[in-house]
Amino acid sequence: MAEVLFFLTAIGAITGAVGVIALRNPFYSVLALVAHLISLALLFLLLRAEFVAAAQVIVYAGAVMVLYVFVVSYVGGTQESGHRLTKGFKLASVAFGAALFAVLAIAILGSGLQALDTEGAPYQAGFGSPREIGKLLLTDFLLPFEVASFLLHIAAVGAVTLARRRGGLETQGELNAYTALDFARPAITGTMAEAVGGRHQRMPEPGAGADASPAAAIVDSEPSA
Amino acid sequence: MSPQLAVVQYYEPWWIQILKAVVIFAIILQLQPILIVGERKLLGRFQGRYGPNRVGPYGLATPLADIIKLATKEQFRPDTSIGWMFALAPVISVLTAVGALAIIPFGDTQDIFGTDVGLYGLDVSIGPLFVFAMGAVAFYGIMLGGFSSGSKYSFLGSMRAAAQLISYEVSQGLALVGVVMTAQTLSLTEIVHAQQGMWYFIPQFLGFLIFLVASFAETNRAPFDLVEADAEIVGGYFTEYGGTRFTSYLFAEYINMCVVSLIMVTVFFGGWLLPFGINPPGWVDPFIVLGKTSFFLIFFIWIRATLPRLRYDQLMSFGWKILLPLATLNTLVTAIILVVTD
């Protein structure tokens, strides 16, 4: 029974993973990823890691992938063709793929396959239960846990900051103001003005006697490339 | 019993497990026609009219007529729809709704045919997380249904569903954390046992209120039924559905209503326990649970007849700016009280 379930879910996981990269339609790609994640959750269930399985479904299939589906169904759905990629980009992707394959092959051959002929670790009662995982997260792995949550927090704050600028560009007053970030970060890494092709330029206020309007400032600062 | 099974306490023989699955499904399935006719009758009374009273005595056979009508309708789908997804989406909705029933405890362990049988499908160590996982997958039933219909109204409905379910799932989950911390367990049967002295809706009243409100949003019931707001987007995600596929969506929605009511009864209202030290024999337990559940089901209908639908921005700001901070505060205060009194 367990073997049948294992092979069913393993085939599901591999099919889903292949589907993610093989399907041309981004919406189907995302759905394949959902199928893959749910298959992984079932594999976790077979390992008696009930909490991890539930977390996998709730967090990945339920929250992260929902966002993907949301975005793709709004803007995606078109057939994404590959001929826009330049030759250098293709070569680089092949090189990175080969490197990743080598790393994974070393890891799998080095450790994972050793367990093939053994019985595996014995099952202890309580293993993988929410209580045990909670204890581990709040004692042994407290620092990584907190760092990860802090990282997610930063990502959330960053997303809100970006999304708040409905107009896309800063006002001239904001462009003129100096902040600590202006000195701490490299160019072309910060503002929305840069993201849409402008440079971070400081101009006099429109009412202060100069004839340069904010619109002109943006047109002036078209990237030379 | 083999030693492997003894370790994980799967003590029930396989035929009992199949029997339980069938019985639980059949009972909840048979509740749905009663629920539907009850809703229509009650809505009628709330609005100063009789409600359905033509088919059968007091109109009680109305759901039967409804089902015959829906089942004999033509299977139709628009030209612009995506066929396999259009057919799959209602199946996902029903599967996840029924799947969530598996962990609801209807009673304590009983002696049936000489074997110990727990009156629940499964007693998993993750408890409510199982229901949330099912709810997470149920989202795809609504989302794919709306997307594959190939119509604007359906698409808008499924987009609303996506935003709404995500927003309120967080508060719903956080509202239960207080209970889990108090009971020191996630297993639903043990949560019920932990309520011997006092039902959790007294110490966790705020948590109960948050869970109640979030449940209305999670089941797409009024006043949070923007997903299928008929005045704005026709029928929302199931605009293009008809016949048995539409019935499946309807069925899933009512089952979900039953599931959240059962969860509320289990987690906040003592499950099969009775107050004042009344201790009835074990076979009464399921009836106690179902009796308490019917109170919440009637409450769902009552609210639908009473409150107007929220606007979309109200829905979002209520979920994120009021419900979520309150749920977090509830968790925090519960944790502090538990640590102080420990």
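Buried means under 20% relative accessible area. Phe238(B), at 12%, is therefore buried in this predicted model.

**Figure 1. Phe238(B) and Phe246(B) form an edge-to-face ring pair.** The ring centres lie 5.1 Å apart. The planes meet at 85°, so the pair counts as edge-to-face. Phe238(B) is buried, with a relative accessible area of 12%. Phe246(B) is partly exposed, with a relative accessible area of 21%.

**Figure 2. Phe86(B) and Tyr241(B) form a stacked ring pair.** Over all chains, the structure has 26 aromatic pairs. In this one the centres are 4.1 Å apart and the planes stand at 5°, so the rings are stacked. The pair links distant parts of the chain. Phe86(B) sits in helix H4 of chain B. Tyr241(B) sits in the loop between H9 and H10 of chain B. The two residues are 155 residues apart. Both Phe86(B) and Tyr241(B) are buried.

**Figure 3. Ring pairs join aromatic residues of chain B into a cluster.** Trp199(B), Phe201(B), Phe205(B), Phe208(B) and Phe211(B) belong to this cluster. So do Phe268(B), Phe269(B), Phe295(B) and Phe296(B). Ring pairs provide the links.

**Figure 4. Glu39(B), Arg221(B), Glu253(B) and Arg304(B) are linked in a network of salt bridges.** The structure holds five salt bridges over all chains. Arg221(B) bridges to Glu39(B), with the closest N and O atoms 2.6 Å apart. Arg221(B) lies in the loop between helix H8 (205-218) and helix H9 (230-233) of chain B. Glu39(B) lies in helix H2 (residues 14-46) of chain B, and the two residues are 182 residues apart. Arg221(B) is buried, at 3% relative accessibility. Glu39(B) is buried too, with a relative accessible area of 2%.

**Figure 5. Glu39(B) also forms a salt bridge with Arg304(B).** Here the closest N and O atoms are 2.7 Å apart. Glu39(B) is in helix H2 and Arg304(B) in helix H11 (residues 285-306) of chain B, so the bridge ties together parts that are 265 residues apart in sequence. Arg304(B) is partly exposed, with a relative accessible area of 38%.

**Figure 6. Glu253(B) meets Arg221(B) in a salt bridge.** The N to O distance is 3.8 Å. Glu253(B) belongs to helix H10 (residues 243-268) of chain B. Arg221(B) belongs to the loop between H8 and H9 of chain B, and the pair is 32 residues apart. Both residues are buried.

**Figure 7. The largest cavity has a volume of about 430 Å³.** The count comes to one cavity of 30 Å³ or more. The lining holds 32 residues. Closest to the centre are Gly135(B), Ala138(B), Glu218(B), Thr219(B) and Asn256(B). The lining divides into 20 nonpolar, eight polar and four charged residues. Helix H3 (50-75) of chain A supplies at least two lining residues.

**Figure 8. H5(B) gives the most to the lining of the largest cavity.** H5(B) contributes nine residues. Of its 21 residues, 19 are buried, and the helix is mostly covered. At 1.5 Å a residue, H5(B) should span 30 Å. Its end C-alpha atoms are 31 Å apart, which agrees. Gly150(B) follows H5(B), and its phi is positive, near 70°.

Definitions and conventions: Residues are numbered from 1 along each chain as its sequence is written. Chains are lettered from A and ligands numbered from 1 in the order in which they are written. This is a predicted model: local features need pLDDT of at least 70, side-chain atom pairs count only at pLDDT 80 or more; totals for chains, interfaces and linings use all residues. Side-chain values use heavy atoms; hydrogens and water are left out. A salt bridge is a side-chain nitrogen of Lys or Arg within 4 Å of a carboxyl oxygen of Asp or Glu. Helices (H or I, at least four residues) and strands (E, at least two) are DSSP runs, numbered from the N terminus. Buried means under 20% relative accessible area, exposed over 50%, partly exposed in between (1.4 Å probe, protein chains only). On a 1 Å grid over the protein atoms alone, a cavity is a set of points where a 1.4 Å probe fits but cannot get out, and a pocket is an open set with protein on both sides within 12 Å along at least five of seven lines; lining residues have an atom within 4 Å of a point. Grid points are joined across faces, edges and corners, and a volume is the space filled by probe spheres set on the points. Ala, Val, Leu, Ile, Met, Phe, Trp, Tyr, Cys and Pro count as nonpolar, Asp, Glu, Lys and Arg as charged, and the others, Gly among them, as polar. The expected span of a helix is 1.5 Å times one less than its number of residues. Rings of Phe, Tyr and Trp (its six-membered ring) pair if their centres lie within 6.5 Å; planes under 30 degrees apart count as stacked, over 60 as edge-to-face and the rest as tilted.
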